[in-house]
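Work through the exercises below with the coordinates open. Each task is followed by a solution in steps.

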Amino acid sequence: MKTVDSINFKNKRALVRVDFNVPLNEKYEVTDSTRIKAAIPTLKKILNDGGSIVLMSHLGRPKDGPSDKYSLKHIVSELSKQLGVNVLFDDNCIGENAFSKSAALKNGEVLLLENLRFYKEEEKGDEAFAKKLSQHGQIYVNDAFGTAHRAHSSTAVIAKFFESDSKCFGYVMAGEVASIDKVLNQTQKPFTAIVGGAKVSDKILIIEQLINKADNILIGGGMAFTFVKAMGGQIGKSLCEDDRLDVANELIKKAKAKGVNLCIPVDAIVADNFSNDANKNHVDISKIPDGWMGLDIGNETIKIFGDIIKNSKTILWNGPMGVFEMSSFENGTKQIAFDIVEATKHGAYTLIGGGDSVAAINKYNLADKVSYVSTGGGALLEYIEQGTLPGVEAVK
Ligand code: AMP
């Protein structure tokens, strides 16, 4: 994979697609700058070489053109602070002013363009729009892993307007791809995938792919109850997708046929309503009484999952084991997170990806105690499902 390391940016203007889709509060202040911080090493490499930078990104999902709420101007001060450079801004990514500003950039200077999604063309992958954007720089750098699964103008289509020696990946992108590659292609066995979260329907494709790769697949979270019901269990009023019972049975069958250990929880912490101070009980997961819902895995499951995790050499974790946002039902997710840390200490390669498992690992301050925390939830899942991404293919 060709990265910024293979190019000398001296006297060059780099057009860098970043993922600055950061959360803002009601005062439009950046509340989590993880994505900005992640891009800094790539940007510093270009500036240290003696180049200049035009940055493009999206922010949120604006519906009808420009709006203050989704303006990237709100992130300029945080970006300037993180980068240590006074970042310039233009309020129209393809306006005349924007092109004058990018053309006038001196080495060491950085210009941030307004939200690409203020133009509908961006998400449509419009070629003319991509071509216009391409005129902002001499070298195209894609460092936006979070949107690499979208064939948008700035993430994929634009790459064709640069010669092969004038396009490359940034460090975020390279790190993400190398990490997935370690898990899926250079896999040290045993490989355990832990899949949780709310819905089976979101995770069918990924479980299907993992059945071809993993030795163990541990199922947790709300989606486990669809499997339990499919196997004939009583799940009370737990989360369940009745239209996916057949799919769950199919997955169980496929795993068996491939010799994959698909592990469904054996016990659960149940509650009489969806609230942190609901009445709680600990039961066999296939015998949940009417009126009760499973909101976390129980101790026996934690022990079974933990033993498998601690004996694994490669681990992929996507999705929490329970409603970890509520302290009463966070124990399963928390214990699994600590087991993954333990496995990492003993040499396992551990990749955590997908919004809520990342939120969980951050909640317990464990992000630096696992091998890699992915910045792109949807992109990571699609990479695993498809084996590549449009944004990666375009630059390759
Ligand atoms: P996902 O985005 O699919 O990974 O789902 C994450 C969400 O699933 C989190 O907000 C969890 O609170 C929720 N979740 C996990 N376990 C359960 C459960 N047993 N019942 C209901 N929601 C759950």
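## Exercise 1: Surroundings of a threonine

Beyond its neighbours within four places in sequence, Thr 344 is in contact with Thr 350, Lys 369, Val 370 and Ser 371. The model is a predicted one.

Task: state which helix holds Thr 344, and decide whether Thr 344 is buried or exposed.

Solution. 
1. Thr 344 belongs to helix H11, which covers residues 331–345.
2. The relative accessibility of Thr 344 is 17%. Buried means under 20%.
3. Thr 344 therefore counts as buried.

## Exercise 2: The chain as a whole

Task: count the helices and strands, then explain why the chain can be called as compact as a globular protein of its length.

Solution. 
1. The chain contains 14 helices and 17 strands.
2. The C-alpha trace spans about 70 × 45 × 35 Å along the principal axes.
3. Of the 396 residues, 56% are buried.
4. Among contacts with a separation of 6 or more, 73% are between residues 24 or more positions apart.

## Exercise 3: Charges and salt bridges

Task: give the numbers of positive and negative side chains, and find which helices the pair Lys 254 and Glu 208 ties together.

Solution. 
1. There are 47 positive and 49 negative side chains, and the centres of the two sets are 4 Å apart.
2. The structure has 19 salt bridges. Three of them are taken in turn, including the pair named in the task.
3. Lys 254 and Glu 208 form a salt bridge with an N to O distance of 2.8 Å. Lys 254 sits in helix H9 (residues 245–258) and Glu 208 in helix H7 (residues 204–211), so this pair ties together parts that are 46 residues apart in sequence. Lys 254 is partly exposed at 35% relative accessibility, and Glu 208 is partly exposed at 27%.
4. Asp 68 pairs with Lys 73 in a salt bridge whose closest N and O atoms are 2.7 Å apart. Asp 68 is partly exposed at 39% relative accessibility, and Lys 73 is partly exposed at 42%.
5. Asp 284 and Lys 287 have their closest N and O atoms 3.8 Å apart. A salt bridge requires the nitrogen to be within 4 Å of the carboxyl oxygen, and this pair forms one. Asp 284 is partly exposed, with a relative accessible area of 33%, whereas Lys 287 is exposed at 58%.

## Exercise 4: Backbone geometry

Task: locate the cis peptide bond at Pro 190, and say where Asn 11 and Tyr 28 lie.

Solution. 
1. The cis peptide bond joins Lys 189 and Pro 190, with omega about -5°. Pro 190 is in the loop between helix H6 (171–184) and strand E7 (191–195).
2. Asn 11 is not a glycine, yet has a positive phi of about 60°. Asn 11 occurs in the segment before strand E1 (13–17). With a relative accessible area of 52%, Asn 11 is exposed.
3. Tyr 28, also not a glycine, has a positive phi of about 60°. Tyr 28 is placed in the loop between E1 and helix H1 (34–49). At 30% relative accessibility, Tyr 28 counts as partly exposed.

## Exercise 5: The buried residues of a helix

Task: list the buried residues of helix H13, then name elements that cover the buried residues of H13.

Solution. 
1. Helix H13 comprises residues 377–386, in which Ala 379, Leu 380, Leu 381, Tyr 383, Ile 384 and Glu 385 are buried.
2. The cover over the buried residues of H13 includes helices H6 and H7, strands E15 (314–318) and E16 (349–352), and helix H14 (390–395).
3. Just after H13, Gly 387 has a positive phi of about 85°.

Key. Residues numbered from 1 in each chain as written. Predicted model: local features only at pLDDT ≥ 70, side-chain atom pairs only at ≥ 80, totals over all residues. Heavy atoms only, no water. Helix = DSSP H or I, 4+ residues; strand = E, 2+ residues; numbered from the N terminus. Rg over C-alpha atoms; globule rule 2.2 N^0.38 Å. Buried < 20%, exposed > 50% of the residue type's maximum accessible area, 1.4 Å probe, protein only. Contact = heavy atoms within 4.5 Å. Lys, Arg positive; Asp, Glu negative; His and termini not counted. Charge placed at Lys NZ, Arg CZ, Asp CG, Glu CD. Salt bridge = Lys/Arg side-chain N within 4 Å of Asp/Glu carboxyl O.
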